[in-house]
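Me: I would like to learn how to read the strands and helices of a model. Please take the features one by one.

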Amino acid sequence: MESKLKIYNTFSRQKEVFEPLNPPFVGMYVCGPTVYSDVHLGNCRTFMTFDVVYRYLLHLGYKVRYVRNITDVGHLESDADEGEDKIAKKARLEQIEPMEVVQRYTNGFREVMHLLNTLPPSIEPTATGHLMEQIAMVQKILDNGLAYEKNGSVYFDVVKFTQQYPHYGKLSGKVVDDLLQESRDLKKQDEKNNPADFAIWMKAAPEHLMHWQSPWSVGFPGWHLECSAMSTKYLGEQFDLHGGGMDLQFPHHENEIAQNVGCCGTAPVRYWMHGNMLTINGQKMSKSLGNSVLPHELFTGQNNFMSQPYSPMTVRFFMLQTHYRSTLDFSDTALQAAEKGFKRLMNSLQLLPQLPHASNTHPTLPDEDKMVQDTCNAIYEHLNDDFNTAMALADLFELSGKINALYHKQLPPDALGLDTFNRLQSVFPAIILDVLGLKDDTAAANNQLADGLMGLILDLRSDARAKKDWATSDIIRDRLKNLKIVVKDGKEGTTWAVE
RNA sequence: GGUCGGAUGGCCGAGCGGCUAGGCAGAGGUCUGCAAAACCUCGUACACCGGUUCGAUUCCGGUUCCGACCUCCA
């Protein structure tokens, strides 16, 4: 029977059957990047995780509105709501307009996302483009008595809020009393009634480059606010899915919930999903630790961690081999292994349309037939089990073996019944291309000229081989090898691939 | 210090109360002019100590180590 999609909900700490509020529509919000510097690989992992979520939901037939914001203001450099805005700081350092910073890194971000073959979101709203909505939300929270103004800044009153909404802290597993009794020596907390309170509007210091007029001061919105305002605007006061990296659970997402409840009285999100961190040498890869590798450094091989370049699709495949809720450690050897495995998968994908057609309705090898059917089912069961892409890939490799065996005549063409054969033809590419978002990104892929030239060369070589002219045949093979093209002789003729 | 999570074969990484993960590397075989590719077979791994159980890598308790969050990060 059809199994149902189950999603691990961070809020309840368990897998839950996914039931959208208004099927077939699904609202999905993912916290996007703060565009003050290049995206690093850890960011990419999160966005790739939710790209697969998005793709799978589409594959299942849902009409998904996928909103992923661009944070271009409000994200402060240091703790205690006191540091400089990250974008403003970058602008000051580089002596350019803040919006130039934003544009530059937004462009870079989109380029990397494109290389990694992630689908663009349905809406990609910016914080600066939604000042009105954010100011309105601040006002509403003030009206509801859950925030207070001090010297032109507005702070969310966590103490008061927790009295009305006992779930504060649940998402991130915090005990409210601990938060309230935070004894750490934070600088300049005097404006806040309580250290746990957080800014939703901040008065701009005179030297601040980014500021807007508001009822309270010329200033800028708090970091958490834009997600609340924009998710509400585009997905409604309550929506289905919200994703982000684990490190956003607290304080970002916890405060997002607080703002929504404080504004609209409703917990905004039905299913909270959090991707785990990427590590390198066992440590979290993060901008602040200075151990991050930029995507293009990985793609070009120009970095201190890897011995060779890795293509965007190799990286994508590598990441999908690990479940999104596990940490993933980046290493050179692991990537090398992934690169080979990925090529294997791509090779089968390429052979699939060339398989001899089975015209028989019934399989001559029922066990093989059943295995293919079972594995196709397993793919969906595994993806339905909280998007277990690692297991789905294992299933795909099982099918890959059958495809190769059929192609190389190690299984007879009529081994599978027609239904099974057709199912294999549709499921295998659909999962790889549509759901996992993988594609052959070698230089020769989809290059008609290369195909034509190689066809010519391999025909000449076949003639030589037919005449047992091994010298000519081997020269062709060796010269191609120097060009990193591998020639594979099989019973069905010769194929080639870029190394 | 508080909270939470993890420790799997040579490497990476799934998973589960008893039955094959998968990829990479390695061994043997089939095929092949040779090579490559492909296919078949193989290693019997689950940090340590107790407990529950007919049976635990999987559940419970403890120990050690590692990591994350608590403060900007996806």
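**Reading the model**

Reply: Start with a strand pair: strand E12 (residues 278-280) and E14 pair in the parallel sense over 3 bridges. Within this pair, Leu278 stands opposite Leu328 in E14. Keep in mind that the model is predicted.

Me: What is the order of the strands in the open sheet of 3 strands?

Reply: The order is E13-E12-E14, and the pairing is mixed. Strand E13 (283-284) and strand E14 (328-330) are the edge strands, each pairing on one side only. Helix H10 (residues 312-320) packs on this sheet and touches E12 and E14. The direction of H10 makes about 145° with that of E14.

Me: Which way do the side chains of strand E6 point, and are they buried or exposed?

Reply: In a regular strand the side chains alternate between the two faces of the sheet. In strand E6 (residues 153-156), Ser153 and Tyr155 point one way, while Val154 and Phe156 point the other way. All four of these residues are buried.

Me: Which strands are joined to E6 by bridges?

Reply: Strand E5 (residues 147-150) is joined to E6 by 4 bridges, and the two run antiparallel. Here the bridge partner of Ala147 is Phe156 in E6. E5 and E6 form a hairpin with 2 residues between the strands, and in this hairpin Asn151 takes a positive phi near 55°. Strand E7 (residues 198-203) is joined to E6 by 3 bridges, again antiparallel. In that pairing Tyr155 stands opposite Ala199 in E7.

Me: Now the helices. At what angle do H4 and H8 pack?

Reply: Two packed helices are described by the angle between their axes and the distance between the axes. For helix H4 (residues 131-143) and helix H8 (residues 249-264), the angle is about 65° and the axes are 8 Å apart. That makes H4 roughly perpendicular to H8. Their crossing is left-handed.

Me: Which residues of H4 and H8 meet?

Reply: Met137, Lys140 and Ile141 in H4 meet Gln259, Asn260, Gly262 and Cys263 in H8. By class, this contact of H4 with H8 has 3 nonpolar, 3 polar and 1 charged residues.

Me: How do the axes of H1 and H14 cross?

Reply: The axes of H1 and helix H14 (residues 418-435) cross at roughly 135° and come within 9 Å. H1 and H14 are therefore oblique to each other. On the H1 side the contact is made by Val52, Arg55, Tyr56 and His59. On the H14 side, Ala430, Ile431, Leu433, Asp434 and Val435 make the contact. The residues of the contact divide into 6 nonpolar, 1 polar and 2 charged.

Me: Is Asp51 buried or exposed?

Reply: Asp51 counts as buried because its relative accessibility is 0%, where the cut-off for buried is under 20%. This residue is found in helix H1 (residues 41-59). Leaving aside neighbours within four places in sequence, Asp51 is in contact with Asn117, Thr118, Leu119 and Arg316.

Me: What does the secondary structure of chain A come to, and what share of its residues is buried?

Reply: Chain A has 16 helices and 16 strands. Of its 499 residues, 53% are buried. The C-alpha atoms fill a box of roughly 90 × 55 × 35 Å, taken along the principal axes. Among contacts in chain A with a separation of 6 or more, 74% come from residues 24 or more positions apart.

Notes:
Residues are numbered from 1 along each chain as its sequence is written. Chains are lettered from A and ligands numbered from 1 in the order in which they are written. This is a predicted model: local features need pLDDT of at least 70, side-chain atom pairs count only at pLDDT 80 or more; totals for chains, interfaces and linings use all residues. Side-chain values use heavy atoms; hydrogens and water are left out. Buried means under 20% relative accessible area, exposed over 50%, partly exposed in between (1.4 Å probe, protein chains only). Two strands pair if DSSP finds at least two bridges between them. Axes are lines fitted to C-alpha atoms, for helices over the stretch in contact, and angles run from 0 to 180 degrees between N-to-C directions. Angles under 35 degrees count as roughly parallel, over 145 as roughly antiparallel, 65 to 115 as roughly perpendicular and the rest as oblique. A crossing is left-handed if the near helix is turned anticlockwise from the far one by less than a right angle, and right-handed if clockwise. Contact means heavy atoms within 4.5 Å. Ala, Val, Leu, Ile, Met, Phe, Trp, Tyr, Cys and Pro count as nonpolar, Asp, Glu, Lys and Arg as charged, and the others, Gly among them, as polar.
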